[in-house]
Every structure is written in C-alpha cells, then in structure tokens.
Amino acid sequence: MKKRLLAITFSILVALTVPAPAYAMQQTDIAVSAEKQAVKLEKVNGLKIGGRAADALRLNWLKNSQASGYIIEQYKGSSWTRIAKITDNATLTYRISNLSPYTTYRFRIRGYLNNGNNPIYSNYTAVSGTTAPGSVTGLKVGGNTTDSIQLNWDRNVKANGYIVDINRNGVWNRVARIASNTTVSYQVSGLDPQTTYQFRVRTFGFDAKTPVYSTWKKISATTSTAARVSLSKCTVASIPAATYNGSAYRPDPVLKYGNTTLVKGRDYTVSYSNNTNIGPGSVTFTGIGNYTGSVTRTYEINPPKTRITGITSQANGIKVSLTAVSGGSSYQVQIQRAGQKAVNYNTPTPSKLISDLTEGGKYTVKARAYKNVNNKSYYSDWTEIKTASFPYGQAAANYACKFVGNRYVWGGESLTNGADCSGFVKAVYAHYGKTLPHSSYMLRDVGRSVTRANIQPGDIVCYSGHVAIYIGNGKIVHAANESTGITISSNYAYTQILAIRRLF
C-alpha cells in the first residue's frame with residue numbers, strides 16, 4: 001500500500017510540472033506541417049530559349065497562376081547557382097547576359113508560393129541553350145574587277161561557317177553558304193562594271209539541329225571601271241534555224257564577255273538582214289557603252305515541212321503526192337528498198353511518179369521541201385516515213401527496157417554485148433534469180449499461164465519461134481533481129497500468140 005501511494009504522488013507532480021502553453025505549441029506545429037503537406041505547387045511549364053545573342057540567352061515560360069514568383073538557377077562549374085528571383089508570377093521572361101559566344105548553358109526554373117516563413121516550392125523545369133556565334137571581324141574588300149568583288153574576313157574558330165548576302169534592288173539575296181570556318185574569302189561574280197554593291201556576312205552554328213546565327217556585318221564595294229571591250233572578244237550563242245512562215249525572223253541570242261551577260265540596248269544594238277525569205281539570213285551586233293566594234297552571225301530560214309497525202313502503185317511506177325508549201329519551194333522524194341541505197345527524186349511540183357524502179361517488193365518513202373538559193377539548197381525536215389509496194393513484173397519490165405538499143409546476137413545471152421530473143425528473156429529474169437531455158441519453145445512452159453485479158457507487165461509472150469516481155473499498154477520489149485536489135489514494139493499481138501507465162 002505504501003509503494004502504491006508513492007507512485008500516485010509522483011505522477012501528479014510530473015503532470016503539474018508541464019506548462020500548458022508548451023502543449024498548445026506542439027498542437028500548432030502539427031497543424032502547420034499538415035497544411036504544408038496539403039498544398040502542392042505545380043512546376044513551371046513551357047520553358048524554352050526565346051532568343052539568343054552572342055553574349056546572352058533569353059528564357060521564356062508560361063504563367064503559373066499558383067505561384068508568387070519564380071527562382072532561376074544556372075549551372076556553373078559543378079553546381080547550380082541562383083541568378084534571379086522574380087517576385088511576381090506575371091513576369092514570364094528573363095535575359096541572362098555576359099555569356100560567351102557559341103557556348104551551351106544549362107538553366108532551371110521553379111515556382112514558389114509565399115507561406116509566411118515557410119515558402120512552398122514547385123519541382124524544377126530545366127532547359128539548355130547555345131549562344132550565337134560571334135560576329136565576323138575584319139570584313140574588308142580584298143579586290144575588285146569589272147565584274148567581281150572579293151570579300152575577306154578573319155576566321156571565327158567557334159563558328160561552323162559563314163553566310164554571304166548581296167543587296168540587289170533593295171532585296172537581300174544569298175550568294176554563298178560556306179560550310180567551313182577556315183574559308184575566309186569569297187568572290188562575288190557576275191556584277192556590272194563601275195557599280196556599287198552592298199554585302200553582308202554572318203557566322204552560323206547549331207544548337208542541336210537548330211541553326212544559330214550571329215549578327216550581320218555589312219560592307220559596300222564598287223566594281224572597277226571597264227575599258228571598252230570589243231564585241232569580237234565576246235561569245236554569241238548559236239542561232240537555231242527558222243522555218244519560213246512569211247514573217248521576219250528576229251533571233252535574240254545571248255552575248256557574254258567572260259561570265260558577264262551583255263544587255264541589249266545598254267551594251268549593244270541589233271540589226272537584221274535577209275530575215276524574211278527562205279535562205280541565209282544574218283544578224284549584226286554593234287557595241288555601245290562599254291563595248292565597241294561589231295560581230296555578225298548567220299542563220300538559215302528553211303522551207304516549211306510538207307506532208308505525204310498519198311502513195312499509189314501504178315503500172316508504170318509509184319506515184320507520191322504531197323501537200324504544197326509556201327515560199328517557192330521544190331520537193332525531194334526519197335525511196336528505198338530494204339538492203340539497198342536510198343534514191344532521191346527532185347520535182348518542182350508536189351507530186352512525183354517514180355517510173356524507173358527495177359526491183360519489186362516493199363519500199364519506204366519520205367519527202368521534204370527544198371529551195372536553192374545562191375547555189376545552196378535549204379531543206380525542210382523530212383516527213384514521216386510511208387511504205388509502198390511495187391510489182392515484181394513491172395520491175396522486170398522496167399529493167400528489160402534499160403537495154404533497148406543493144407545488139408541482137410544469135411545464141412547470145414548478154415544484155416550488153418548481145419542476145420537473141422530467148423537469151424534476152426533468160427538474162428533479164430536471171431537478174432531476179434530465175435533460171436530459164438535458152439529456148440523460145442521451152443519458155444512456153446515456164447511459170448504459170450495467163451490469158452490475154454489478164455496480161456500484166458513482166459509477163460513472157462511466146463510466139464512461133466520468138467519470145468518477148470510485155471511492158472504494158474500493149475507494148476513488148478524484145479531482141480527482135482539483127483537489124484533492129486533490142487527494141488520496143490507497140491503491138492504485142494502483131495502475130496499469133498501461142499502462150500503467155502507469168503513468173504511472179
């Protein structure tokens with residue numbers, strides 16, 4: 001009992017020694033800690049590099065409506081260092097100065113909320129950015145000519161390269177992107193003599209894949225005065241031939257002196273001669289201003305192209321019909337058998353009968369217009385190629401007629417040195433690969449029989465003791481006798497016909 005009373009007495013004394021205010025303070029601290037845990041500040045969004053210079057970077061971000069302001073830190077050396085405290089949440093940009101050119105920096109920002117002596121902070125948002133490379137230094141004119149200016153500058157070892165612009169008529173145009181910082185000069189060509197130009201140069205680099213540029217450096221320079229240049233030293237572009245259409249042809253080729261393109265009306269004038277009709281024409285360039293002397297170039301005006309309107313095979317040849325063209329032109333028809341040389345036939349009219357063909361089969365035909373001027377022919381383009389067929393029999397008849405006037409030789413088989421009637425027929429058809437007997441009697445059985453009503457050029461007409469080749473229009477060619485030789489007779493039925501034979 002005595003021990004129990006002592007324990008109760010000690011408990012009462014301890015309770016009486018704890019002050020009431022200390023107990024209340026413990027309750028307050030617990031409440032504040034609970035309040036801080038209940039408030040959470042969102043991190044800053046939209047942080048980016050909003051601008052850059054060689055010695056500065058600008059940060060931009062989106063407003064955090066919960067925050068009282070922002071804390072900005074920069075990574076320096078091996079730790080983060082506060083560089084700014086912004087005391088309102090409406091300021092959304094900050095410029096960091098005194099930076100080095102073309103150098104990458106790291107920054108971070110967080111929002112804060114005032115809460116008495118216990119501010120609340122958001123998490124950090126980080127960004128990195130690279131300053132622009134330094135501007136070009138030492139920009140100067142390294143030399144000039146009548147059509148070029150050379151720019152020189154000092155090397156920027158931190159840049160990736162350089163951009164060169166020229167101002168033309170108030171508009172800046174790029175003339176070069178130099179992708180090496182070791183190239184420290186550039187020649188701008190194609191300029192006009194005694195003319196002042198404005199140029200600008202800047203360096204460039206990259207922030208990751210984003211190009212970054214320095215500020216521009218500008219300079220003006222003037223090309224040198226040109227001594228008058230003879231047009232004979234200039235090049236004149238080739239002048240294409242023209243097609244006659246009744247109007248004057250006024251070609252306007254490009255003239256150049258080196259890399260400089262001359263301007264008509266400023267550097268030269270133009271005059272034309274014989275530029276209306278088919279034939280040779282000329283254009284004369286006369287220098288003015290910085291150019292002197294004159295040069296003349298010639299060109300051709302050719303006939304217009306004709307067109308094949310028809311090809312017909314006739315008993316006496318192949319007739320080719322063309323469209324007529326203007327300009328006083330004549331026409332040339334070209335015909336060619338496969339494997340043989342092409343043959344040209346000239347005609348003053350747009351129609352040509354080709355009657356001396358000695359080979360049967362298929363031919364290709366094309367045509368063109370032409371005109372002779374001062375002993376030279378001027379041609380149009382060829383027409384499209386057409387095809388035509390020529391009967392083998394008619395070809396044989398034409399071939400046989402080539403030997404009219406040669407001798408009759410009994411027993412002979414030579415078309416040039418003499419042949420009798422059957423020898424003549426045998427020799428003619430040997431030209432076409434046919435083997436025939438040297439006998440008027442035996443020739444009655446070669447080939448196939450045809451009637452007089454169906455007789456065609458090239459058919460063999462057999463008489464008693466004589467033989468001939470029909471050539472059309474009731475005529476025959478034959479080795480008649482020693483007095484007349486190889487001749488043409490106008491009546492193939494001058495005596496009884498025993499047989500008509502066809503080999504083709």
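Helix H3 spans residues 392-401 and is mostly covered. Of its 10 residues, 8 are buried. The model is predicted, and burial here means under 20% relative accessible area.

Now step back to the chain. It has 4 helices and 41 strands, and H3 is one of those helices. Buried residues make up 40% of the chain's 504 residues.

Next, the overall dimensions. A compact globule of 504 residues would have a radius of gyration near 23 Å. The chain has 53 Å instead. Its C-alpha atoms fill a box of roughly 185 × 90 × 35 Å along the principal axes.

Contacts give another view of the chain. Take those with a separation of 6 or more: 58% of them join residues 24 or more positions apart.

The chain exposes about 27,200 Å². Carbon and sulfur atoms supply 48% of that area. The chain carries 57 positive and 23 negative charges. How far apart are the mean positions of the positive and negative charges? They lie 7 Å apart.

Methods:
Residues numbered from 1 in each chain as written. Predicted model: local features only at pLDDT ≥ 70, side-chain atom pairs only at ≥ 80, totals over all residues. Heavy atoms only, no water. Buried < 20%, exposed > 50% of the residue type's maximum accessible area, 1.4 Å probe, protein only. Helix = DSSP H or I, 4+ residues; strand = E, 2+ residues; numbered from the N terminus. Rg over C-alpha atoms; globule rule 2.2 N^0.38 Å. Contact = heavy atoms within 4.5 Å. Areas by Shrake-Rupley, 256 points an atom, 1.4 Å probe, with all protein chains shown as cover. Lys, Arg positive; Asp, Glu negative; His and termini not counted. Charge placed at Lys NZ, Arg CZ, Asp CG, Glu CD.
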